[in-house]
Amino acid sequence: MLTEEVTKLIGKSGQPMILEVERGAIRKFADAVGDKNPLYWDDEYARNSRYGSIIAPPGFFGWPVKWDSPMPFLPAIRDELIMALINAGYPRIVDGGIEFEFCQPVRFGDTLVAVAKISDIYTRESKGGTLVISVTETSYTNQHGTLVALACQTLINR
Amino acid sequence: MRRKVLYWEDVEIGTEIPSLSKTATSQMLVKWAGASGDFNPLHYEFTFAESQGVGRPIVHGQLKRAWLVQMLTDWIGEEGFLRKFSCQFRTMDYPIMMKSLTEPVEEKVSHWCKGKVTNKGVENDEHFVECEVWVENEKGEKTTPGKATVIIKTKEPNHE
């Protein structure tokens, strides 16, 4: 059974989160993946490419300018959701998957605004008991007001 | 230095995407945690991982997602554009635990990223290709299935 504390979050949007796309953060990200693409590493190469500058790998949107939770990318709304699920007796959490739609490349130097919305929360029965599936939709818009990407992330709690 | 260009005309349904090998070490997971901001102890704390029912620290799902994205961007090159990407984290993957700083762990492959073309077409003047992608473990199991749509160049005249 989902508690009211959980269900009242359906359809709720979080505060916009401001993200800065720094070159060093792009390289740190690419290094962690093991991606040596010169578009992320080589300024001169990137300048002469169709992009004209270092870009971020698809799916990297920079780093927030401030955060209150131990997890810098966890929007307050998702933090709230996770706490509500723990209180409702579903403390175990795994990442179910992600869906992206990329509209424009993200460039080094961009400032993005991310807005997350809890679009759905529902239960599903499994062999191991009840699973709570929650879906968070996030839009990323750059400093020119252009939508650069949409992400749809699924969390599974049990 | 300039990479080769992938043309829409050279891709057919069933075409395999060049595979990408990865070595998931505990060190890579620490790097990913720092670079992605995912500090969930599930990926580095044994006692916590055990209490969560996964046995020991597991590879971040989003890291596997980033590997698949790299496979796709390597394949389409900088003239291509990754339009849509999705994947599901179906099966846990475990990193190779590092026992010493000098062990040649990079020579060992723990995971393969693979994919193949499932559809191609033209929409809104864009030449697109749809693919099925996945991460495979050492047992050959598809732990992380996904789908992608890429926009690539055409040999047709009058297309930038």
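## Reading a two-chain predicted model

Reply: At 15% relative accessibility, B:Thr149 counts as buried, where buried means under 20% relative accessible area, exposed over 50% and partly exposed in between, with a 1.4 Å probe and protein chains only. This is a predicted model, in which local features need pLDDT of at least 70, side-chain atom pairs count only at pLDDT 80 or more, and totals for chains, interfaces and linings use all residues. Residues are numbered from 1 along each chain as its sequence is written, chains are lettered from A and ligands numbered from 1 in the order in which they are written, and side-chain values use heavy atoms, with hydrogens and water left out.

Me: In which element does B:Thr149 lie, and with which residues is B:Thr149 in contact, leaving aside its neighbours within four places in sequence?

Reply: Helices (H or I, at least four residues) and strands (E, at least two) are DSSP runs numbered from the N terminus, and contact means heavy atoms within 4.5 Å. B:Thr149 belongs to strand β5 of chain B, and its contacts, apart from neighbours within four places in sequence, are B:Phe81, B:Leu82, B:Arg83, B:Lys84, B:Phe128, B:Val129 and B:Glu130.

Me: How should I read the pairing of β2(B) with strand β5 of chain B, and in what order do the strands of the open sheet run?

Reply: Two strands pair if DSSP finds at least two bridges between them. Here β2(B) and β5(B) (residues 142-151) pair in the antiparallel sense over 6 bridges, and B:Ser86 has B:Lys147 in β5(B) as its bridge partner. The open sheet is formed by 11 strands with antiparallel pairing, in the order β2(A)-β1(A)-β4(A)-β5(A)-β6(A)-β3(A)-β2(B)-β5(B)-β4(B)-β3(B)-β1(B). Its edge strands, each pairing on one side only, are β2 (63-64) of chain A and β1 (16-22) of chain B.

Me: What are the pairings of β3(A) with β6(A) and with β2(B), and why is strand β3 of chain A largely enclosed?

Reply: With β6(A), β3(A) pairs in the antiparallel sense over 9 bridges, and A:Asp95 has A:Leu155 in β6(A) as its bridge partner. With β2(B), β3(A) pairs in the antiparallel sense over 5 bridges, where A:Ile98 stands opposite B:Cys87. Strand β3 of chain A (residues 93-102) is largely enclosed by the rest of the structure because 7 of its 10 residues are buried.

Me: How many residues of chain B are in contact with chain A, and how much area do chain B and chain A bury between them?

Reply: Buried area is the accessible area (1.4 Å probe) that two parts lose on being put together, summed over both. Chain B has 40 residues in contact with 42 residues of chain A, and the two chains bury about 3,300 Å² between them, 53% of it on carbon and sulfur atoms. B:Ala35, B:Gln52 and B:Glu78 supply 17% of the area that chain B buries against chain A, more than any other three residues.

Me: How much space lies in the largest cavity, and which residues are closest to its centre?

Reply: On a 1 Å grid over the protein atoms alone, a cavity is a set of points where a 1.4 Å probe fits but cannot get out, and lining residues have an atom within 4 Å of a point. The largest cavity holds about 250 Å³ of space, and of the 25 residues that line it, A:Tyr51, A:Ile55, A:Pro58, B:Thr73 and B:Phe81 are the closest to its centre.

Notes: On a 1 Å grid over the protein atoms alone, a cavity is a set of points where a 1.4 Å probe fits but cannot get out, and a pocket is an open set with protein on both sides within 12 Å along at least five of seven lines; lining residues have an atom within 4 Å of a point. Grid points are joined across faces, edges and corners, and a volume is the space filled by probe spheres set on the points.
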